[in-house]
Amino acid sequence: MANSLTMIFSRDSYALIALFFILSACASVQSPSGGPKDTDPPKIVKETPKNLTRNFTGEKIEIEFDEFIKLSNEFTEISVSPALDIPPTFKAKKEILEIRFGQKLEENTTYTINFGKAVSDVNESNLLTNYTYVFSTGNEIDSLTLSGNVVSSMTGENLKDVTVFILPVRQDSLFGKKRASIFTSTDSAGNFKLQNLREDTYRIYALKEQGGDRIYNSQNEEIGFLKDSIFLNKNIDSIKLEVFKEVPALFSVMDRRIEADGRITLAFNKPLIEPTLQILDPTSLDQLKTIEITEKRDSAFIWIPELTFDSLKVAVKEAGVSVDTVTLRRNKRDTYTRDIQIGDNIPGTKLKPRSDMVLELSSPVSTARENQIILLEDSVQVKNVQLVKSTESQRKYILKYPWRLNKEYILKISENAFSDAFGNKSKAYSRKFTLDSDENYGGISIKVTVPDTAKSYIVQWLNEREEVLREDIVTKNTVLNYTTYPTAKYLLRVVFDENKNGRWDTGNIRNKRQPEKTWTLDKIISLRPNWDLEENLVIPSHP
């Protein structure tokens, strides 16, 4: 009986043990859930042969990583310098990157393989950036370096992920189709370093690009360069490259469209000095049109009496000479709501102290009926309101009134109060607001000292987002008063206006012209409520 119990116990024990191992095996294949997301790029475990190998005679290179990898855009991202007639092949096999050469390599030559942004891990696509593999078929490896910093020419801000590359003078292909093979990217502080360079004469560029092709081929890209070439026979550091967006050489209309209210909008690729518009077809509409050029002169609006055309041909002219012609087409089934819309200059519900209310309409106004505009002060209609047409725009009217604190205002504009030249009427409009308190605003006096009265400077008053709120042209020592600005943080920037045209001029790479220099006061100005400050702005001789 005891033997029988022992046998039963043994069988049951074996069954339990077997079940335990089966469950353990099943559990082991499941991936753990939760935890932080992997944000690390793949790490190099082994290079065969080692990086910086001399007397290389092999036909392939293997690079092992700590995780599975993949290649993306390897034909555009990976470059070999000096270039080979037959490009090597690159294959990702699990953790291994294999490189095979299809031709015999030159003797006594240092080769650099720059991987750009081609290598990433499989799971999260984390990029391995600025990885370079260097080897030599001779006894020596080129070891010269170029390093420096890349900034914005306007703001002086350090720029990250800008491509810095050099081109030997004998094969400068910045405007060609051949990609630069010696390149790197700036880090978070805008710094860069090009290594393992041979003695030669180079041109150096910084490109904040869009396509990733290392070719300057888009008017939306930003470029920086040194005016003179560099003869590299020793290590060079402290190179400063200032990138800028170049004004396109040729004018063009970037965008054209017919808005829902029938307004025609044209956007230009650069500002014009003396722009005019002419409707070429149908010619009958040219004398009936109303146009408006924006303040920056980089776009324009057209209003016409009817929208029944199949196509509209418009010429854009500069000083009377046609610089571009565009055609707008419409579907016969398209309809437009041509009522005049009304807006104003009040942010939120608070009118800025010591300012007027400005009405802005969606179409140029030909008739305004003041008797259909009512202003209530604490629910009581007031009589001494003035409606004045703006001299700056046919679409703006100024509402003048001695606004008072702690009063609630309601502006009521009846339907059809405004009409345009084509008979379109305005919609009804109502607005409730109060006068803001001086306690929410401050002022400052800036005592400006210039280094040279023969030169011209532009002082820019900026908000925290570095948007220009005001500009003043200064040629001598003076005081600038900034009044009634919201309590916030501000910056002061100076443009060294070399050609005295009253604006910041960008550079031109074909003419090797650098952008005009700027300098920003190294101080944040905080305006205090209902408080006037004073500040000294001593402009340096050189930024």
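Reader: Which element gives the most to the lining of the largest pocket?
Author: That's E39, with 4 residues. Keep in mind that this is a predicted model.

Reader: What volume does the largest pocket have?
Author: The largest pocket comes to about 1,800 Å³.

Reader: And which residues are closest to its centre?
Author: Val247, Pro271, Lys296, Arg503 and Trp504 are the closest to the centre, out of 44 residues that line the largest pocket.

Reader: Back to the elements: which ones give two or more residues to that lining?
Author: Four strands do: E18 (236-245), E38 (456-463), E39 (468-474) and E41 (489-497).

Reader: How does the lining of the largest pocket split by class?
Author: You get 17 charged, 16 nonpolar and 11 polar residues there.

Reader: OK, switching over. How much space lies in the second largest pocket?
Author: About 680 Å³. The lining of the second largest pocket has 37 residues, and Ser81, Thr112, Ile182, Gln195 and Leu197 are the closest to its centre.

Reader: Which strands give two or more residues to the lining of that second largest pocket?
Author: Strands E7 (110-114), E10 (132-136), E12 (163-168), E13 (182-185), E14 (191-197) and E15 (200-208).

Reader: Which of them has the largest share of the lining?
Author: E14 does, as 7 residues of the second largest pocket's lining come from that strand.

Reader: Last one: how many polar, nonpolar and charged residues are in the lining of the second largest pocket?
Author: The lining of the second largest pocket has 15 polar, 14 nonpolar and 8 charged residues.

Key
Residues are numbered from 1 along each chain as its sequence is written. This is a predicted model: local features need pLDDT of at least 70, side-chain atom pairs count only at pLDDT 80 or more; totals for chains, interfaces and linings use all residues. Side-chain values use heavy atoms; hydrogens and water are left out. On a 1 Å grid over the protein atoms alone, a cavity is a set of points where a 1.4 Å probe fits but cannot get out, and a pocket is an open set with protein on both sides within 12 Å along at least five of seven lines; lining residues have an atom within 4 Å of a point. Grid points are joined across faces, edges and corners, and a volume is the space filled by probe spheres set on the points. Ala, Val, Leu, Ile, Met, Phe, Trp, Tyr, Cys and Pro count as nonpolar, Asp, Glu, Lys and Arg as charged, and the others, Gly among them, as polar.
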